Amino acid sequence: MAFVLSHTTIYPDDLLDDFCAVETERRWWVAYTKVRQEKRLAEDLACREVPFYLPLIERRYMYRGRRLRSQEPLFGSYIFLFADQHERAQSLATKRIVHLLPVIDGRRLHNDLVQVQRLIAADVPLTIESQLRPGRRVRVRHGCFAGIEGIIEARCRQTRLIVAVTFLQQGVSVELDDAMLEPI
């Protein structure tokens with residue numbers, strides 16, 4: 001079966017619906033890829049039917065006077081696998097992975113990825129946040145982000161909600177009115 005990756009960032013489509021590590025021998029892994037190999041690895045994994053999540057966001061830029069758009073990985077060089085040992089071996093056989101790191105708390109990573117996916121789906125400008133600093137944990141009370149939890153950080157008189165993928169020590173942020181937030 002030929003599988004063409006057309007901005008597919010997740011396989012299967014329902015991967016993030018429910019956390020099911022209890023029911024299967026699969027577990028979450030974080031693959032650190034060779035440089036600029038995230039999309040190609042996603043293609044290879046889809047062809048092998050290995051469950052994965054590659055968060056992509058649209059980037060707009062100018063090149064030689066032309067406005068261009070591209071889908072780029074939110075977390076450069078990282079792709080998330082939900083694989084058993086056989087699927088893990090298949091992913092390593094692609095020769096596109098530098099390191100494959102096991103995730104100890106799969107439920108937490110799953111919840112983090114669900115929240116990142118909700119932010120991407122909302123099509124709002126996201127900012128990569130590296131080396132997360134300690135801050136107040138909050139939950140969005142209402143609006144399209146209701147229920148999303150994160151760490152709050154004040155910058156330049158604007159409030160930013162950071163949703164962290166703590167395993168990577170990275171996250172994404174969005175500007176919100178602090179009236180929408182409640183402390184946890």
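Q: What makes β2 and β6 a pair of strands?
A: Strands (DSSP E runs of at least two residues, numbered from the N terminus) pair if DSSP finds at least two bridges between them. Six bridges join β2 to β6, so they count as paired. The two run antiparallel. V30 stands opposite F80 in β6.

Q: How do you know what kind of model this is, and how its residues and side chains are treated?
A: This is a predicted model, where local features need pLDDT of at least 70, side-chain atom pairs count only at pLDDT 80 or more, and totals for chains, interfaces and linings use all residues. Residues are numbered from 1 along each chain as its sequence is written, and side-chain values use heavy atoms, with hydrogens and water left out.

Q: Why is β3 also said to pair with β6?
A: Two bridges join strand β3 (residues 52-53) to β6. The rule asks for at least two, so β3 and β6 pair. They run antiparallel, and F52 stands opposite L81 in β6.

Q: Why is strand β6 called largely enclosed?
A: Buried means under 20% relative accessible area, exposed over 50%, and partly exposed in between (1.4 Å probe, protein chains only). Six of the six residues of β6 (residues 78-83) are buried, so the rest of the structure largely encloses this strand. Y78, F80 and F82 point one way from β6, while I79, L81 and A83 point the other way. In a regular strand, side chains alternate between the two faces of the sheet.

Q: Why is D17 called exposed?
A: D17 has 54% relative accessibility. The cut-off is over 50%, so D17 counts as exposed. D17 is found in the loop between β1 (10-11) and β2 (27-33).

Q: What makes a set of residues a nonpolar core, and which residues touch the most other members of the largest one?
A: A nonpolar core is a set of buried Ala, Val, Leu, Ile, Met, Phe, Trp, Tyr and Cys residues joined through side-chain atoms within 4.5 Å. The largest has 32 residues, of which W28, Y53 and F80 touch the most other members. Its largest share, five residues, comes from α3. A second, separate core of 16 residues includes A31, L45, F52 and L81.

Q: How do the residues of the lining of the largest pocket divide by class?
A: They divide into seven nonpolar, no polar and four charged. Ala, Val, Leu, Ile, Met, Phe, Trp, Tyr, Cys and Pro count as nonpolar, Asp, Glu, Lys and Arg as charged, and the others, Gly among them, as polar. A pocket is an open set of points on a 1 Å grid over the protein atoms alone, where a 1.4 Å probe fits, with protein on both sides within 12 Å along at least five of seven lines; lining residues have an atom within 4 Å of a point. β4 gives the most to this lining, with five residues.

Terms used:
Helices (H or I, at least four residues) and strands (E, at least two) are DSSP runs, numbered from the N terminus.
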